[in-house]
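Please examine the sequence and the structure shown below.

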Amino acid sequence: MLKKTAAEFFGTFWLVFGGCGSAVLAAAYPQLGIGFAGVALAFGLTVLTMAYAVGHISGGHFNPAVTLGLWAGGRFSAKSVVPYIIAQVIGGIAAAGVLYLIASGKAGFDAAASGFASNGFGEHSPGGYSLQSAVIIELVLTAFFLIVIHGATDKKAPAGFAPVAIGLALTLIHLISIPVTNTSVNPARSTAVALFQGTWALQQLWLFWLAPIVGGCIGGLIYRFLLQSKD
């Protein structure tokens, strides 16, 4: 379990540092900035690379909603859920802390004012989308993310390609939903940066635990009872 939780720590660290780091450090410059599409790709690449690096150790969850979705889908033991989620949250917070130290090296940086890549709705949605829109998109996209994960890792799926499918799915998810919520589908990612933003992001954080977890469990149940082949 120590190796598995360490793998989840480092995997979630890389996801938050790479994904949120691309948003905080690389997306804002008019000429050099990577934009929404670049941030979306960065999140996908973090999962793809760490799934190959440590997925064989822990399964490569890096996300409490994925852990609970795999449990709901019958792919993961209940006794390992809490240790995995703790490791994921701590890994995300550690990455956000390192990112904060780097970003603070630029004159005028303010995590609260900039949003620090936090997730939000209403006036804190990048596109001004409502609470209703945020709930629906986070729930639906996390459900489909878990369907992709279950399908790509099924024993009947082509071997060795699961990280590619999962990484591309996360890229697509971000391309769809960055304008709505800045894309969570991952409570650990949302918690990590919200702690450093410190104001509205913490007030709205409940949504980015509730909707992804419910969506992830729905996706796991859909695959388990409707799509999974029975030998």
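## A nonpolar patch and a covered helix

Val140 is partly exposed, because its relative accessible area is 37%, where buried means under 20%, exposed over 50% and partly exposed in between (1.4 Å probe, protein chains only). This is a predicted model, in which local features need pLDDT of at least 70, side-chain atom pairs count only at pLDDT 80 or more, and totals for chains, interfaces and linings use all residues. Residues are numbered from 1 along each chain as its sequence is written, and side-chain values use heavy atoms, with hydrogens and water left out.

Val140 lies in helix H6; helices are DSSP runs (H or I, at least four residues) numbered from the N terminus. Val140 also belongs to a nonpolar surface patch of about 760 Å², together with residues including Phe144 and Trp206. Helices H6 (131-152) and H10 (207-227) each give two or more residues to this patch, and H6 provides the largest share, five residues.

Helix H3 (residues 64-72) is mostly covered, with eight of its nine residues buried. Among these buried residues are Val66, Leu68 and Leu70. The buried residues of H3 pack against helix H4 (81-103), H6, helix H8 (187-197) and H10.

| Residue | Feature | Value |
|---|---|---|
| Asn63 | caps the N-terminal end of H3: side-chain oxygen to backbone nitrogen of Ala65 | 2.8 Å |
| Gly74 | positive phi, just after H3 | about 80° |

How values were computed:
Patch = residues over 30% accessible without salt bridge, like charges linked within 9 Å, V, L, I, M, F, W, Y side chains within 5 Å. Areas by Shrake-Rupley, 256 points an atom, 1.4 Å probe, with all protein chains shown as cover. Salt bridge = Lys/Arg side-chain N within 4 Å of Asp/Glu carboxyl O. Contact = heavy atoms within 4.5 Å. Polar contact = N/O pair within 3.5 Å; in protein donor to acceptor, adjacent residues only side chain to side chain.
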